Amino acid sequence: MRGVLGKSRKMICSLLSQAPVSPAYYYRSSPSIYKPKPSNRFSWGFLAPIPSPAIRVFCSKPGEVGGLMASSVQNQGSISYLTQREAAEVDETLMGPLGFSVDQLMELAGLSVATSINEVYKPSEYNRVLAICGPGNNGGDGLVAARHLYHFGYKPFVCYPKRTQKPLYSGLVTQLESLSIPFLSVDELPMDLSKDFDILVDAMFGFSFHGAPRPPFDDLIKKLINLHYYEQAQRKPPVIVSVDIPSGWHVEEGDVGGDGIKPDMLVSLTAPKLCAKKFSGPHHFLGGRFVPPAIAEKYKLQLPQYPGISMCVRIGKPPQIDISSLRENYISPEFLEEQVEADPLDQFRKWFDDAMAANLKEPNAMALSTTGKDGKPSSRMVLLKGVDKDGFVWFTNYESQKARQLSENPHAALLFYWDGLNRQVRVEGSVEKVSDEESEQYFHSRPRGSQLGAIVSKQSTVVPGCHVLHQQYKELEEKYSKESLIPKPKYWGGYRLKPERFEFWQGQPSRLHDRLEYSPQETDGKRVWKIVRLAP
Ligand SMILES: NC(=O)C1=CN([C@@H]2O[C@H](COP(=O)(O)OP(=O)(O)OC[C@H]3O[C@@H](n4cnc5c(N)ncnc54)[C@H](OP(=O)(O)O)[C@@H]3O)[C@@H](O)[C@H]2O)[C@@H](O)CC1
Ligand SMILES: Cc1cc2nc3c(=O)[nH]c(=O)nc-3n(C[C@H](O)[C@H](O)[C@H](O)COP(=O)(O)O)c2cc1C
Ligand SMILES: Cc1ncc(COP(=O)(O)O)c(C=O)c1O
Ligand SMILES: [K+]
């Protein structure tokens with residue numbers, strides 16, 4: 001187990017050499033609920049290395065928006081917007097000298113739309129999707145998005161009144177038909193779209209729209225505008241997701257008369273068009289993770305960094321959150337007394353393996369709570385570096401606040417929370433230092449940078465500024481050339497918590513969670529673990 005845990009630790013890279021990853025948010029169970037994706041590391045306020053001379057990557061600075069969401073905002077002011085002519089030119093360049101086919105771009109665009117939708121509107125709550133598709137490529141994006149949404153677990157319907165007789169489009173229709181996705185004519189659509197659909201994908205017109213909408217799209221656009229009245233009538237209206245351009249809006253001027261559709265989400269493609277500046281809905285995303293540097297250079301495009309491997313990125317401010325509405329209804333497999341291991345350590349290993357298999361970020365991260373002689377508790381995260389019958393091990397500074405508290409009161413509590421699995425494990429017990437030999441061995445297994453960091457950091461003491469740490473670090477780097485052994489400072493080492501109580505918690509619906517507690521019991525002079533169920 002020790003070996004496995006040791007390997008799971010990811011190196012802390014130098015901040016400036018690592019491109020910041022914007023922590024895209026994903027939607028959980030109600031419109032106002034966002035959580036950081038577990039796979040992304042927060043990274044604030046750094047201008048990333050410039051991946052190409054022309055693409056500058058902007059990341060948020062702390063404080064750009066208040067509250068919980070401050071980290072996810074891309075600096076909207078520094079993103080480029082395209083005119084109608086530029087958008088068409090980009091199109092031509094992509095499909096001319098840059099060798100893209102329209103099929104490819106449409107596939108990527110439709111996938112970006114579907115993933116953006118999924119970031120905010122989860123299929124568990126927003127299941128029925130109507131894609132209203134126009135005669136051009138914007139309509140094609142809608143057809144592709146409908147297919148991806150089907151595979152993401154949504155129930156799509158398609159309204160495609162002016163079909164384009166080209167193999168690309170008939171192919172897309174065939175693909176949808178083969179998934180038994182219903183096609184609805186304009187006449188088959190109800191007057192009031194709010195009863196039958198949760199999401200309306202507006203894929204009628206994109207950047208080639210001009211003039212005033214002609215039939216049947218004029219009426220379809222009116223249907224979307226009229227949803228507003230149903231909202232006033234207290235019924236929850238479906239959300240409108242516009243692809244690239246809110247249909248009927250002027251491509252550059254936006255909603256000129258102020259009486260056009262008001263999408264809840266706009267998914268700009270490649271780069272936002274000028275009208276997107278007028279978009280005031282809560283969710284503005286960009287999908288265009290295919291723009292080659294040549295295009296970015298030519299049009300001096302400033303585009304945001306896409307998080308992880310995502311096809312979309314939120315641009316603009318995320319909506320304000322009502323914190324009191326943040327909640328999740330946990331849905332998990334049963335966790336019953338009959339299934340659990342008699343030995344809590346075996347049960348811990350089983351759940352730890354599950355957390356590893358689920359690819360959770362740092363499943364060995366645990367909150368460590370301690371109290372000093374004043375009885376005032378404090379908690380912080382540490383990394384579990386080994387677990388066996390003797391206990392749970394972590395490493396730290398022996399002169400830190402936690403170390404002082406542990407010297408005054410050698411009892412502590414550990415807490416693991418495995419978000420993706422709806423699980424929490426609590427471990428409580430007495431704490432002692434590990435042997436010097438064990439600390440030595442582990443210290444030298446760490447990356448050299450972390451070894452030097454441990455020497456530099458007089459943990460929990462006040463430092464006049466980060467330059468002091470960096471200066472000392474630099475000096476030590478010079479002192480200990482590549483090969484030489486970095487001595488472990490005497491003030492650095494491990495602790496081991498010997499468990500006296502475990503609790504395994506599995507989240508369940510309606511807050512009726514499973515909680516199984518293990519506590520030691522003497523039976524016939526033998527120590528066994530007693531398992532009881534606790535009320536949630
Ligand atoms: N380039 C890129 O990087 C990428 C581009 N992509 C996508 O392509 C979209 C642009 O596609 P597009 O050029 O086919 O134009 P689009 O706006 O869908 O429709 C044109 C059709 O609408 C019609 N029409 C126009 N006005 C009308 C009116 N008032 N009332 C009624 N009809 C009207 C017009 O008919 P016409 O006026 O020519 O008779 C024609 O049939 C773009 O926004 C994006 O979504 C992505 O797939 C991939 C990356
Ligand atoms: C995910 C994570 C893992 C951490 N792991 C450790 C660790 O293993 N050892 C450590 O000393 N500090 C670790 N830290 C930093 C501690 O949380 C804390 O800031 C530091 O130990 C000082 O705590 P103290 O002043 O209460 O002693 C970690 C922080 C995070 C967020
Ligand atoms: C201050 C400090 N010490 C130690 C650790 C654990 O690091 P390692 O896995 O290199 O032992 C961390 C991890 O975040 C840390 O922040
Ligand atoms: K559109």
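**A walk through the predicted model**

In the protein chain, buried residues make up 37% of the 536 residues; a residue is buried if 20 or more other C-beta atoms, placed from the backbone, lie within 10 Å of its own, exposed at 12 or fewer, and partly exposed in between. This is a predicted model, in which local features need pLDDT of at least 70 and side-chain atom pairs count only at pLDDT 80 or more, while totals for chains, interfaces and linings use all residues. Residues are numbered from 1 along each chain as its sequence is written, and chains are lettered from A and ligands numbered from 1 in the order in which they are written.

The protein chain has twelve helices and 18 strands. These are DSSP runs numbered from the N terminus, with helices (H or I) of at least four residues and strands (E) of at least two.

Seven of the strands form an open sheet in the order 4-3-5-6-7-8-9, with mixed pairing; two strands pair if DSSP finds at least two bridges between them. Strand 4 (155-159) and strand 9 (312-315) are at the edges and have a single partner strand each, so one side of each lacks a neighbour in the sheet. From one strand to the next, the twist averages 20°. Strand 3 (residues 128-133) runs parallel to strand 5 (residues 199-203), and five bridges pair them. Within strand 5, V201 is the residue opposite A131.

Helix 3 lies across strands 5, 6 (239-243), 7 (265-269), 8 (283-287) and 9, at about 150° to strand 7. Such angles run from 0 to 180 degrees between N-to-C directions, with axes fitted to C-alpha atoms, for helices over the stretch in contact.

The largest nonpolar core has 75 residues, and V129, L130, A131 and V201 are among those that touch the most other members. A nonpolar core is a set of buried Ala, Val, Leu, Ile, Met, Phe, Trp, Tyr and Cys residues joined through C-beta atoms within 7 Å. Helix 3 gives the most to this core, eight residues. Another core lies apart from it and has 31 residues, including M366 and L414.

Ligand 1 is surrounded by 28 residues, with G136, N137, N138, G206 and S208 the closest; a residue is near a molecule if its C-beta atom, placed from the backbone, lies within 6 Å of it. Helix 2 (84-95), helix 3 (102-120) and helix 4 (137-151) each supply at least two residues of this shell.

Conventions. Two residues are in contact if their C-beta atoms, placed from the backbone, lie within 7 Å.
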